[in-house]
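The following exercises are to be worked through with the sequence and the structure at hand. Each task is followed by a solution in steps.

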Amino acid sequence: MATVKVAIAGASGETGRSIVNALLESSMAKFEIVNLTRPASLDKPINAEMKSRGVTIAPAELTGPQDKLIKLLSGIDVVISTILVTDRDDETRLATAAKLAGVKRFVPCAFATVAPPRGVMKLRELKEDTLDHILKIRLPYTFIDVGWWYQITLPRLPSGRIDYAIVVTPATQNLGLDGNVPNAHTDVRDIGRYVARIIADERTLNKKVFVHNEVLTHNQVYDVLERLSGEKLERNYLSEQEVTARIRKSEAVLSQNPEDIGAAMERSIYEYLLSWGIRGDNVPEYAQYLGYLDGKELYPDFEFVKFESFVKDVLDGKGKGVYR
Ligand SMILES: NC(=O)c1ccc[n+]([C@@H]2O[C@H](COP(=O)([O-])OP(=O)(O)OC[C@H]3O[C@@H](n4cnc5c(N)ncnc54)[C@H](OP(=O)(O)O)[C@@H]3O)[C@@H](O)[C@H]2O)c1
């Protein structure tokens, strides 16, 4: 079996960890993994844990001298970025170094929902900026979007019994329109397993790929949780005008103070709600229209975590929250 050398920037994060786990367990190929961690993050416990599992931990200053970065990437087959979206400049530098080092495939940090390239979500526009750069420098790439994570979709239960495993946001506590807009979901733990398939697959080179587990409306998410928990949920429906007004409100705060992280997060989460909960962007049909390959067609045998089984685990106390 051929060995594929993969370098990952952001390997210690949620998406990055899913990818590392899957590559280490994959039977698609033998993957050799380099974790390009920021020097300041070298002592993160997760890095020690990855090292014990055979991952090479390489301090990489993406803003540092280019020749150092090129040296780090020499001999690497695939570079994957899962770094925070605010670090677009870092990612652009990483892409340029990958091109100069002769990397065979670059996977930028998309890993988000399907949305129009411009005009609806600021976060999406940053991701598209990186893609524009990749195309400009003719770097071989695969752009992967994954739908909305199960782990950030469940609303609070009145009893508080699933608080340990959920992330409460305006997009969990409010439903767009009448709650019947379809939205593609994925378990974050499956993302790495999709990536292992995609990067070992020549059909996905220089393509956009959309993978997802299940399409569910917001009402269906609430219905499943109500049925399995036996608890009743309040449903707070928001119109397009209401969501847009909240986006404008956070933009006004940001125009006074661009460093206001709370306002930036709020804008981003309402933009997501506008995109997938109102416009209905995050569905396989729209992905196909935008030119993505469909993961369901590429990998019909892929066994994913079902939404109901995810919810049962969370209710049974066996869930694991993200960003803990
Ligand atoms: N589809 C969805 O529902 C969904 C949900 C959440 C996120 N996402 C997407 O997934 C992407 C990755 O997000 P994530 O939540 O997996 O990442 P995360 O857990 O926040 O981790 C990001 C990693 O990036 C590295 N990093 C580089 N520069 C950084 C900086 N300035 N500050 C903090 N970390 C930095 C860190 O690794 P080192 O410290 O080792 O350098 C960190 O562990 C995001 O771009 C986001 O759009 C999608």
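Predicted model: local features only at pLDDT ≥ 70, side-chain atom pairs only at ≥ 80, totals over all residues.

**Exercise 1.** Determine whether Phe111 is buried or exposed, and state where in the chain Phe111 lies.

*Solution.* Step 1: Phe111 belongs to the loop between β5 (105–107) and α5 (122–137). Step 2: Buried means under 20% relative accessible area. Step 3: With a value of 7%, Phe111 is therefore buried. Step 4: The phi angle of Phe111 is positive, about 50°, although this residue is not a glycine.

**Exercise 2.** Which residues are in contact with Ser26, if neighbours within four places in sequence are left aside?

*Solution.* Step 1: Ser26 is found in the loop between α1 (14–25) and β2. Step 2: Its relative accessible area is 18%, so Ser26 is buried. Step 3: With the neighbours within four places excluded, the contacts of Ser26 are Phe31 and Ala196.

**Exercise 3.** Describe how strand β1 (residues 3–9) is placed in the structure and how β1 is joined to strand β2 (residues 30–37).

*Solution.* Step 1: Count the buried positions. Five of the seven residues of β1 are buried, so the strand is largely enclosed by the rest of the structure. Step 2: Recall that strands of a sheet pair through backbone hydrogen bonds, in either a parallel or an antiparallel manner. Step 3: β1 and β2 run parallel and are joined by seven bridges. Step 4: As one example of a bridge, Ile8 has Asn35 in β2 as its partner.

**Exercise 4.** In the open sheet of three strands, which strands stand at the edges?

*Solution.* Step 1: The order of the strands is β7-β9-β11, and the pairing is mixed. Step 2: β7 (148–149) and β11 (214–217) each have a single partner strand; they stand at the edges, so one side of each has no neighbour in the sheet. Step 3: Strand β9 (residues 182–186) pairs with β11 over four bridges in the antiparallel sense. Step 4: Within this pairing, the bridge partner of His185 is Glu214 in β11.

**Exercise 5.** How far apart are Ile57 and Glu231 in sequence and in space?

*Solution.* Step 1: Ile57 is part of strand β3 (residues 56–59). Step 2: Ile57 and Glu231 are separated by 174 residues in sequence, and their C-alpha atoms are 46 Å apart. Step 3: Beyond its neighbours within four places in sequence, Ile57 is in contact with several residues, including Asn35, Thr37 and Leu42.

**Exercise 6.** Characterise the protein as a whole.

*Solution.* Step 1: The secondary structure consists of 13 helices and 13 strands. Step 2: The radius of gyration is 20 Å, close to the 20 Å given by the globule rule for 324 residues, so the protein is as compact as a globular protein of that length. Step 3: Of the 324 residues, 55% are buried. Step 4: The side chains include 42 positive and 44 negative ones, and the centres of these two sets lie 4 Å apart.

Terms used. Residues numbered from 1 in each chain as written. Heavy atoms only, no water. Helix = DSSP H or I, 4+ residues; strand = E, 2+ residues; numbered from the N terminus. Rg over C-alpha atoms; globule rule 2.2 N^0.38 Å. Buried < 20%, exposed > 50% of the residue type's maximum accessible area, 1.4 Å probe, protein only. Lys, Arg positive; Asp, Glu negative; His and termini not counted. Charge placed at Lys NZ, Arg CZ, Asp CG, Glu CD. Pairing = 2+ DSSP bridges. Contact = heavy atoms within 4.5 Å.
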